[in-house]
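Here is a short report on how the parts of this model pack against one another. Have the sequence and the coordinates open as you read.

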Amino acid sequence: MATHTASLSQPQYSTGGLSAWLTTVDHKMIGILYLLGAGFFLLVGGLEALLIRTQLIRPENTFLVGETYNQVLTMHGTTMVFLVIMPMLAGMGNYIVPLMLGARDMAFPRLNAFGVWMFLLGGIFLNLSFILGGAPAAGWFSYTPLSNTPFSPGTGIDFWIFGINMFGISSISASVNFVVTILNMRAPGLTLNRLPIFVWTTLTTAFLLLFALPSIAIATILLYLDRNLGMNFYRASGGGDPLIWQHLFWFFGHPEVYVMILPAMGIVSEILPVFSRKPLFGYTAVAYSSVAIGFLGFTVWAHHMFAVGLPPLINAAFAFSSMLIAIPTAIKIFNWTATLWGGNIQLRPPLLYAVGFIALFIIGGLTGIYLAVVPIDYQITDTYFVVGHLHYVLFGGSLIAIFGGIHYWFPKMTGRMMDERLGHWQFWLLFLGALLAFIPMLIVGVEGMPRRVYTYGAGLGWDIYNLLSTLGAYMIAVSVLVFLYNFFFSLFRGKPAGDDPWDGHTLEWATTSPPAVYNFEVVPVVKSRRPVWDMKYSSDHHPRRLDGVQPEAAHNLQDVHIHLPPPSWWPLVLSVGIMIMAFGFVFNWIIILVGLVVFLWGVSGWIQQDVNAPQAPAGHGG
Amino acid sequence: MATGTSSVTDTTSHAAAAVEHEGMIDTRKMGVWTFLGSEVIFFGALIVTYLTLHNRPTSGPTAHESLSLLIPTINTMILLISSVAMVMGLAALRDDNVKGMIRWILVTAGLGTLFLILKGVEYYEHSQEGLTPAVNVFGSVYYTLTGFHALHVLIGVLWMLAAVGLASRGRFSARNYIPIEIMGLYWHFVDLVWVAVFMVVYLIR
């Protein structure tokens with residue numbers, strides 16, 4: 001931590017030790033918890049992917065079959081969506097967005113901690129299903145009647161239902177926090193039209209989650225009631241309708257796709273200008289097209305259901321709205337390309353990932369247009385073409401951008417650089433691995449291989465494609481190993497980064513690396529879309545230098561009162577209470593009462609905690 | 001624990017409010033508005049499911065046979081009056097009349113409880129007539145929609161009782177009224193949802 005932080009008379013909370021992590025309300029520590037948790041689940045979900053691909057390496061394989069295969073397949077999808085991509089992006093948002101806003105924390109620090117505990121405990125809860133009676137096995141969208149009794153007996157689906165709802169609670173609380181933080185906590189001068197694009201996309205994503213998640217909450221609760229209380233929502237024999245599930249699920253499920261891609265686009269929009277040494281081309285168009293994608297995202301859900309037999313007019317309307325989304329998406333692609341055009345390109349790891357994102361995401365976007373055309377969709381729905389398409393969007397898109405974001409912000413979070421040579425190696429393994437793994441899926445899908453089958457016959461012409469696909473998956477695994485080595489090596493041995501290693505232009509580069517617990521000693525004043533470039537490159541240093549405290553200002557700072565919220569156990573208690581209740585809903589009603597008691601204890605402590613109490617001097621810190 | 005009114009003013013917005021902006025909506029209020037926006041979709045999804053499924057042909061009691069207007073109409077009146085009581089409570093607090101505020105909040109909580117009791121009576125009558133959640137799809141959608149609303153009423157009542165407990169320890173004042181105001185926002189929202197439920201479930205049978 002920089003030397004001048006000690007000159008502040010502010011109380012410091014301890015940042016080390018287990019209890020500091022368990023009680024933290026600091027957005028940066030919470031962001032790191034999100035990222036580490038999601039990183040762990042990335043290894044779990046990746047391992048599941050390798051199991052699946054190993055089974056499919058040759059026809060008639062018997063490595064992983066039947067129900068077990070279905071469990072691994074369901075958990076791979078659920079894990080990657082809810083436990084990897086969403087929390088990775090939420091973690092980066094948590095760490096970076098308040099810094100970009102020039103704020104000292106999120107609007108609701110304890111709610112923020114509650115969100116991360118719901119995610120971590122929810123992830124543990126869902127994965128415990130493997131040893132507590134079997135994991136869910138109905139695919140990541142758990143269509144009824146397959147997911148209903150009697151077709152899915154056992155507790156797997158119930159674990160899935162409450163796991164999803166725990167992630168939902170996590171995302172709703174994080175989204176409320178993001179919306180209020182972004183609208184209310186901006187530094188002076190940081191108008192909406194000067195917000196970094198990553199903040200714009202995080203804001204849009206927060207609204208998407210707020211309006212999409214209740215739909216899957218309802219869908220899953222109704223499924224639980226059907227399964228456990230004998231109700232009839234999805235049961236045709238009792239007058240219900242299995243199709244309701246598909247509508248409720250995809251009303252969530254399609255906006256969810258944009259939840260996973262928009263912040264990734266935001267990361268790319270931050271990286272490209274910095275490494276092209278010029279401003280983002282068409283800022284306004286990029287920002288507003290993010291919002292447009294968010295709006296349109298709510299009007300397209302039935303394109304997942306073309307084959308179920310909706311009236312042709314409905315299908316046509318949804319095909320039309322789906323294709324409309326190509327417009328704002330293309331606007332972004334053109335603006336990114338134009339940002340690179342004529343720039344002074346610095347080919348360092350973050351830029352590689354950003355450009356790799358554009359390349360692979362274009363494949364994902366174009367294959368999406370095929371699926372939006374109803375007759376083509378009839379032909380290729382539920383084939384490996386869909387699997388290839390969604391992996392180009394979520395792997396080639398979101399995950400590559402996430403790796404880019406990690407390379408870009410690692411110096412800010414740790415104060416050390418990641419090794420760039422290893423970064424290049426990892427990128428090429430990842431990029432070529434993604435082509436090798438998923439292009440054959442597109443081909444074999446067109447040739448008719450259905451998704452979710454655990455084996456296929458020899459002589460159908462699918463062997464070579466599946467072999468290539470599996471080799472690609474192994475290649476991606478090697479790339480992740482390179483990343484892990486780079487990560488841990490750099491964490492301890494990396495070159496010191498300094499405050500601003502990339503010569504960035506957003507406010508996170510105006511503070512120390514890692515930032516002090518209060519982020520900024522002096523709240524920055526923003527005069528353009530690139531405040532830190534203004535400070536570095538314009539003759540006008542008014543009103544303050546941000547990268548160091550001027551002598552006369554340091555004197556005044558002694559009296560500045562920076563209030564930081566005290567640590568709190570209550571978010572964790574509350575989350576544990578909800579987790580116990582979730583176990584109760586799966587296993588036994590008595591356990592619900594136990595969880596309820598813990599939960600109410602947490603609420604009672606939470607509302608009585610005096611968050612403005614004077615703070616005891618910290619043992620260590622600063 | 002020090003719960004002097006001054007020390008707990010702005011219990012949440014202290015954390016990072018870089019700069020106070022003039023005329024800006026309070027952080028906590030904006031948080032609750034945002035959350036209620038999400039709740040609209042929660043009940044919206046339930047109501048759409050209800051409208052889609054409640055008249056599906058099936059055996060067992062139908063909406064037209066089972067539902068009567070008497071108790072729901074009384075309940076509508078109860079909730080609307082309770083919203084007025086909530087407004088009076090907030091007004092009393094803004095006049096620094098904490099005692100008056102506690103009284104009005106208790107009236108609101110009492111009306112909420114009365115609503116729940118009458119809802120329970122209604123459920124009991126239904127079950128006597130053979131309408132249970134599992135009997136057919138109408139039973140499922142009816143109990144689930146009204147049950148989730150009743151759960152929200154229950155949470156509101158508990159929230160009010162907790163607020164009364166904190167108020168009696170001097171937590172709120174004319175300068176620190178936002179926590180009561182956001183509780184009111186939630187309560188009015190729950191009332192509004194009931195108006196929608198009343199129309200959808202009871203008036204359009």
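In this predicted model, helix α5 of chain A (residues 156–184) meets helix α1 of chain B (residues 27–53), with axes that come within 9 Å and cross at roughly 135 degrees. Angles from 65 to 115 degrees count as roughly perpendicular and those over 145 as roughly antiparallel. The pair α5(A) and α1(B) is therefore oblique. Their crossing is right-handed.

On the α5(A) side, the contact uses I172(A), V176(A), V179(A), V180(A), L183(A) and N184(A). On the α1(B) side, the partners are T27(B), M30(B), G31(B), T34(B), F35(B) and S38(B). By class, this contact holds 7 nonpolar and 5 polar residues, and no charged ones.

**The interface between the chains**

Now the whole interface. In total, 46 residues of chain A are in contact with 39 residues of chain B. On the chain A side, α5, α6 (197–229), α7 and α19 (589–608) each supply at least two residues. The top contributor is α6(A), with 9 residues.

**Chain B**

What is the secondary structure of chain B? The chain has 6 helices and 0 strands. Along the sequence, the pattern reads α-α-α-α-α-α. Chain B has 205 residues, and 39% of them are buried. Take the contacts in chain B between residues at least 6 apart in sequence: 82% of these join residues at least 24 apart.

**Helix packing within chain A**

Helix α5(A) also packs inside its own chain. Its partner there is α3(A), residues 66–101, at an angle of about 15 degrees and with the axes 11 Å apart. Angles under 35 degrees count as roughly parallel, and α3(A) and α5(A) are therefore roughly parallel to each other. The crossing of α3(A) and α5(A) is left-handed.

From α3(A), the contact residues are T78(A), F82(A), M86(A), A90(A), G93(A), V97(A), P98(A) and L101(A). From α5(A), they are W160(A), I164(A), F167(A), S171(A), A174(A), F178(A), T181(A) and I182(A).

Helix α11(A) brings P349(A), L352(A), Y353(A), G356(A), L360(A) and T367(A) to the contact. Helix α14(A) answers with E420(A), G423(A), H424(A), F427(A), F431(A), A434(A) and L442(A). Of these contact residues, 8 are nonpolar, 4 polar and 1 charged.

| Helix pair | Axis separation | Crossing angle |
|---|---|---|
| α5(A) and α1(B) | within 9 Å | roughly 135 degrees |
| α3(A) and α5(A) | 11 Å | about 15 degrees |

**The domains of chain A**

Chain A is divided into domain 1 (27–548) and domain 2 (566–622). The centres of the two domains, taken over C-alpha atoms, are 29 Å apart. The domains do touch: 13 residues of domain 1 are in contact with 13 residues of domain 2. On the domain 1 side, α4 (109–128) and α5 of chain A are the elements that give two or more residues. The largest share, 7 residues, comes from α4(A). This side of domain 1 has 10 nonpolar, 1 polar and 2 charged residues.

**A loop glycine**

Where does G282(A) lie? This glycine sits in the loop between α7 (243–276) and α8 (283–296) of chain A. G282(A) has 17, so it is partly exposed.

Beyond its neighbours within four places in sequence, G282(A) is in contact with N335(A) and A338(A). G102(A) is 180 residues away from G282(A) along the chain, and 24 Å separate their C-alpha atoms.

Terms used. Residues are numbered from 1 along each chain as its sequence is written. Chains are lettered from A and ligands numbered from 1 in the order in which they are written. This is a predicted model: local features need pLDDT of at least 70, side-chain atom pairs count only at pLDDT 80 or more; totals for chains, interfaces and linings use all residues. Axes are lines fitted to C-alpha atoms, for helices over the stretch in contact, and angles run from 0 to 180 degrees between N-to-C directions. Helices (H or I, at least four residues) and strands (E, at least two) are DSSP runs, numbered from the N terminus. A crossing is left-handed if the near helix is turned anticlockwise from the far one by less than a right angle, and right-handed if clockwise. Two residues are in contact if their C-beta atoms, placed from the backbone, lie within 7 Å. Ala, Val, Leu, Ile, Met, Phe, Trp, Tyr, Cys and Pro count as nonpolar, Asp, Glu, Lys and Arg as charged, and the others, Gly among them, as polar. Domain bounds come from an automatic or database domain assignment. A residue is buried if 20 or more other C-beta atoms lie within 10 Å of its own, exposed if 12 or fewer, and partly exposed in between; C-beta atoms are placed from the backbone.
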